[in-house]
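Hi everyone, thanks for coming. Please have a look at the screen, and then I'll walk you through what I found.

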Amino acid sequence: MINKTVANVGEALKGVEDGMTFMLGGFGLCGIPENAIDELVRLGIKDITCISNNAGVDDFGLGLLLQNHQIRKMISSYVGENDEFERQMLSGELEVELTPQGTLAEKCRAAQAGFPAFYTPAGYGTEVAEGKETREFDGKMYVLEPAFKADFAFVKAWKGDEAGNLIFKGTARNFNPCMCGAATITVAEVEELLPAGSLDPNEIHIPGIFVQRIFQGEKFEKRIEQRTVRQKA
Amino acid sequence: MLDKNGIAKRIAKEVKDGYYVNLGIGIPTLVANFVRDDISVEFQSENGVLGMGPFPFEGEEDADIINAGKQTITTLPGASFFDSATSFAMIRGKHVDLTILGAMEVAENGDIANWKIPGKMVKGMGGAMDLVASAENIIVAMMHTNRAGQSKLLKRCTLPLTGVGCVTTIVTNLAVLEVTADGFKLLERAPGVSVEEIKEATEGTLIVEGEIPEMNI
């Protein structure tokens, strides 16, 4: 067993620097690497590029890094829930590259799987395809999209073991598995870190080979963005 | 004239037994409330769940189980969770049978715009570009006119496009229309709405052939 465990978030983020590109898992606030984000805020590194489906809300998730003006560029598919984001984008402080959600996921997966680029029909004929190579296959048009390149991927899983094997819970899975192994260094924070052998190999979602560092997250607030309920009859 | 629930109710009739369905945010989300309970349908949410159920009871919300609108949800027997790449493999790979989404504008050639108003609103396309580029059966749910009273069914879209030539059916508060090579073909009128009223509210080419029946909802 190759042990991927690090003691804490500080060790897990060793080597992050100004100007780097980070992938961050999560959909909305669901399944975001809360501990890594807090540490990035604490470290105060600047000019970072974030690849993340969303940009958090004003006072949580990536919104914390935005408030601190630590982000230079966001690559996302949907950024609607964040006023500070909109302000920085419209004023030109923040560079934003909006990418179709499926393309965003596949650009991560391509990096993980060793594909330099792929063709997708998404965005053909729209401004997303401007300046990109297009090609016809079987009478339908496709856009060539390159794989992402990133320095660190920060992901959040439910359970993990010392070998870096990961299991996700519910829809907190989302982009997290696609980002594992898609950056130079993948850092996984887990709710429960277990000894090797504790997880059934049949149930592993992401094998430890895709993860360089794993640590037990100190706290997970798991804030709910839209609490919707029904009444008991 | 229909309200939002009325539009959802009419669209629900297009959901057939054995369908996997992706519902967009807004009016499309309401469709799930009106699908007949004697047919088998599974709802897909692109953040990674198939077999979505109703909202949870108070106190039973789980922060780890949400839909693409970031609302807390439940799952039904037979449900599954998956990652975002797998989710869009279902969509891009045409495994989802029906896509229902909202729009700001639809053009008579099937183009759709629903993600950006330059200089005003930039929220992003989310999964909409992937959905409209791949799905073969796309129903747009929207009001026939915008808040300023202008038609949303146009000769050509004026806003940045989400997809080209992809919309097949449109259900609005006034009518059900099909996108054809010659323009918007009027199929049904909303209760109490005349063909004249629909003509007036439609900027694009409207094709009216014979008697247009009133919707049965």
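Let's begin with salt bridges: across the interface of chain A and chain B, the rule finds 6 of them. One to look for is the salt bridge between Glu61(B) and Arg227(A), where the closest N and O atoms are 2.6 Å apart. Please keep in mind that this is a predicted model.

Between chain A and chain B, 26 residue pairs are in polar contact, counting pairs with both residues at pLDDT 80 or more.

Which helices of chain A each supply at least two residues of the side that touches chain B? They are α4 (83-90), α5 (101-113) and α6 (176-179). The largest share, 6 residues, comes from α5(A). If we sort the side of chain A that touches chain B by class, we get 18 nonpolar, 18 polar and 14 charged residues.

Now, how much do the two chains touch? On the chain A side, 50 residues are in contact with 48 residues of chain B. The size of an interface is often given as the accessible area lost when the parts come together. Here, chain A and chain B bury about 4200 Å² between them, and 59% of that is on carbon and sulfur atoms. Three residues deserve a mention: Thr171(A), Thr228(A) and Arg230(A) supply 16% of the area that chain A buries against chain B, more than any other three residues.

The largest nonpolar core has 51 residues. Val31(B), Ile100(B), Val140(B) and Ile170(B) have the most contacts inside that core. Take Ile100(B): leaving aside neighbours within four places in sequence, its contacts include Ile11(B), Val15(B), Val31(B) and Ile139(B). There is also a second, separate core of 39 residues, and among its members are Val6(A), Cys50(A), Ala55(A) and Leu98(A).

My last stop is a glycine, Gly56(A), in the loop between β2 (48-51) and α3 (62-67) of chain A. Is Gly56(A) buried or exposed? Its relative accessibility is 12%, so Gly56(A) counts as buried, the cut-off being under 20%. Which residues does Gly56(A) contact, once neighbours within four places in sequence are set aside? They are Leu29(A), Leu62(A), Gly63(A), Glu81(A) and Asn82(A).

Note on methods:
Residues numbered from 1 in each chain as written. Chains lettered and ligands numbered in written order. Predicted model: local features only at pLDDT ≥ 70, side-chain atom pairs only at ≥ 80, totals over all residues. Heavy atoms only, no water. Core = buried A, V, L, I, M, F, W, Y, C linked by side-chain atoms within 4.5 Å. Buried < 20%, exposed > 50% of the residue type's maximum accessible area, 1.4 Å probe, protein only. Contact = heavy atoms within 4.5 Å. Helix = DSSP H or I, 4+ residues; strand = E, 2+ residues; numbered from the N terminus. Buried area = accessible area lost by both parts, 1.4 Å probe. Salt bridge = Lys/Arg side-chain N within 4 Å of Asp/Glu carboxyl O. Polar contact = N/O pair within 3.5 Å; in protein donor to acceptor, adjacent residues only side chain to side chain. Nonpolar A, V, L, I, M, F, W, Y, C, P; charged D, E, K, R; others polar.
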